[in-house]
Amino acid sequence: MRVLERLGLGTALAATATGVIFIGACSQQVPGTAEVNQSELASYTSEVAASSAAASSSKAAKIEAANDTACDGLRSANKTSVTSFNAYIAASNDQAPDADAKATDAVTTLRNSAKDLDRKITADVITDLSVPLRTYIEKTNTLADTLERRAPTDELNGVIDTFNTAKDEAIAVCTPYGS
């Protein structure tokens with residue numbers, strides 16, 4: 001046999017002997033009864049409860065912040081939309097030469113405001129808010145579509161009424177949230 005083969009064989013025999021010794025040493029049982037260390041158990045239980053409370057508090061804070069952001073988004077979107085739309089209504093009522101341009105501007109503003117609000121309605125926003133906010137977005141887009149095709153006044157007024165209803169409901173549910 002070569003030296004390397006003998007060395008390898010020797011190493012394998014030594015490893016086997018060491019394993020047998022460890023297995024033999026681990027086969028003995030220790031006498032006694034297992035008992036819980038009450039002070040360590042109390043400490044562990046306290047840590048788990050504190051961690052759970054912190055996680056719950058963090059999640060609640062995240063939901064609260066999402067609700068505030070969504071409702072602040074509603075207020076901002078509504079202010080911008082209504083201002084732009086009312087500028088069109090005033091120009092239309094006065095038969096101003098820029099009434100058509102103001103209508104186009106109102107359509108763009110309504111759609112952009114709806115998109116901005118939609119981005120603020122995250123998965124963390126509670127359903128009691130997200131549903132009326134999404135309805136408001138839908139009615140805002142319907143108003144933009146109706147104005148864009150320059151619908152007759154009676155039709156536009158009906159769409160304005162449904163928009164205002166959705167707006168009022170969204171604002172009401174947002175009362176406790178945001179600034």
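User: Leaving aside neighbours within four places in sequence, which residues is K167 in contact with?
Analyst: Contact here means heavy atoms within 4.5 Å. This is a predicted model, where local features need pLDDT of at least 70, side-chain atom pairs count only at pLDDT 80 or more, and totals for chains, interfaces and linings use all residues. Numbering runs from 1 along each chain as its sequence is written, and side-chain values use heavy atoms, with hydrogens and water left out. With those neighbours set aside, K167 touches N78 and Y136.

User: Is K167 buried or exposed?
Analyst: The cut-offs are under 20% relative accessible area for buried, over 50% for exposed and partly exposed in between (1.4 Å probe, protein chains only). K167 sits in helix α5 (residues 153-173), helices being DSSP runs of H or I with at least four residues, numbered from the N terminus. Its relative accessible area is 16%, so K167 is buried.

User: Which residue meets K167 in a salt bridge?
Analyst: A salt bridge needs a side-chain nitrogen of Lys or Arg within 4 Å of a carboxyl oxygen of Asp or Glu. For K167 the N to O distance is 3.8 Å. The partner counts as partly exposed because its relative accessibility is 45%; that partner is D168.

User: Which residue forms a salt bridge with R111?
Analyst: The closest N and O atoms are 2.9 Å apart. The pair links distant parts of the chain, helix α3 and helix α4, 37 residues apart. R111's partner is E148.

Methods. Helix = DSSP H or I, 4+ residues; strand = E, 2+ residues; numbered from the N terminus.
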